[in-house]
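This report covers a single chain. The sequence and the structure are shown below.

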Amino acid sequence: MEQAENVFRRRYDVYYVTLLVYVVFAVLYILLTGTVTNETVAFGFRDPVVYIIGLFILITGLALLSSVVRNPRLVLTETQIVFRTRFRERAVQHAQITSLVIKRERTRINEGSSAVVKIRVRDKRRLVRIRVANYERDRELVDAFKALKNRLRK
């Protein structure tokens with residue numbers, strides 16, 4: 001018997017926006033620090049600020065590339081929650097969940113759905129925290145967790 005799976009993919013728009021802002025800032029900074037002398041233009045590539053911005057661009061690009069390669073997904077089935085990447089998979093059975101709390105995160109007010117799901121798993125010290133806004137179809141994910149919470153109460 002095959003189980004119905006609800007797959008929620010990780011969103012990458014934060015990486016894209018951050019990378020775009022760094023690149024635009026770097027281009028503007030290089031253009032503004034450039035000098036025009038005797039019909040020649042010298043751009044300010046040898047500035048330490050350009051190196052720092054370049055480092056930020058490199059780190060953000062590597063984080064984006066790493067996330068795209070790993071392809072993290074959250075899979076909800078009838079019996080378990082699966083945290084799946086391209087290379088590994090970790091499952092939490094519904095029977096192991098001792099508590100499931102859905103909270104609104106106060107620091108991310110401007111984004112649409114800013115809920116955080118905290119799951120306490122039996123025999124684990126740490127809570128499993130899921131930021132719903134980091135996944136595609138965030139409203140549907142919140143609804144799925146609310147339905148799961150109602151099923152766990154019974």
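Residues are numbered from 1 along each chain as its sequence is written, and side-chain values use heavy atoms, with hydrogens and water left out.

The chain has a mean pLDDT (the predictor's confidence in each residue, from 0 to 100) of 87, and 92% of its residues reach 70 or more. Where pLDDT is low, the predicted coordinates should not be read in detail.

| Element of the chain | Mean pLDDT |
|---|---|
| β3 (residues 40-42), lowest | 74 |
| α2, highest | 94 |

Three helices and nine strands make up the secondary structure of the chain; helices (H or I, at least four residues) and strands (E, at least two) are DSSP runs, numbered from the N terminus. Their order from the N terminus is β-α-β-β-α-β-β-β-β-β-β-α.

Along the principal axes, the C-alpha atoms fill a box of roughly 80 × 35 × 30 Å. The radius of gyration of the chain is 22 Å, whereas a compact globule of 154 residues would have one near 15 Å; the radius is taken over C-alpha atoms, and the globule rule is 2.2 Å times the number of residues to the power 0.38.

Helix α1 (residues 13-33) and helix α2 (residues 48-70) have axes that come within 9 Å and cross at roughly 160°. Axes are lines fitted to C-alpha atoms, for helices over the stretch in contact, and angles run from 0 to 180 degrees between N-to-C directions. The crossing angle therefore makes α1 roughly antiparallel to α2 (over 145 degrees).

Leu19 lies in helix α1. Not counting residues up to four places away in sequence, Leu19 touches Ile57, Thr60, Gly61 and Leu64 (heavy atoms within 4.5 Å).

Notes:
Parallel < 35°, antiparallel > 145°, perpendicular 65-115°, else oblique.
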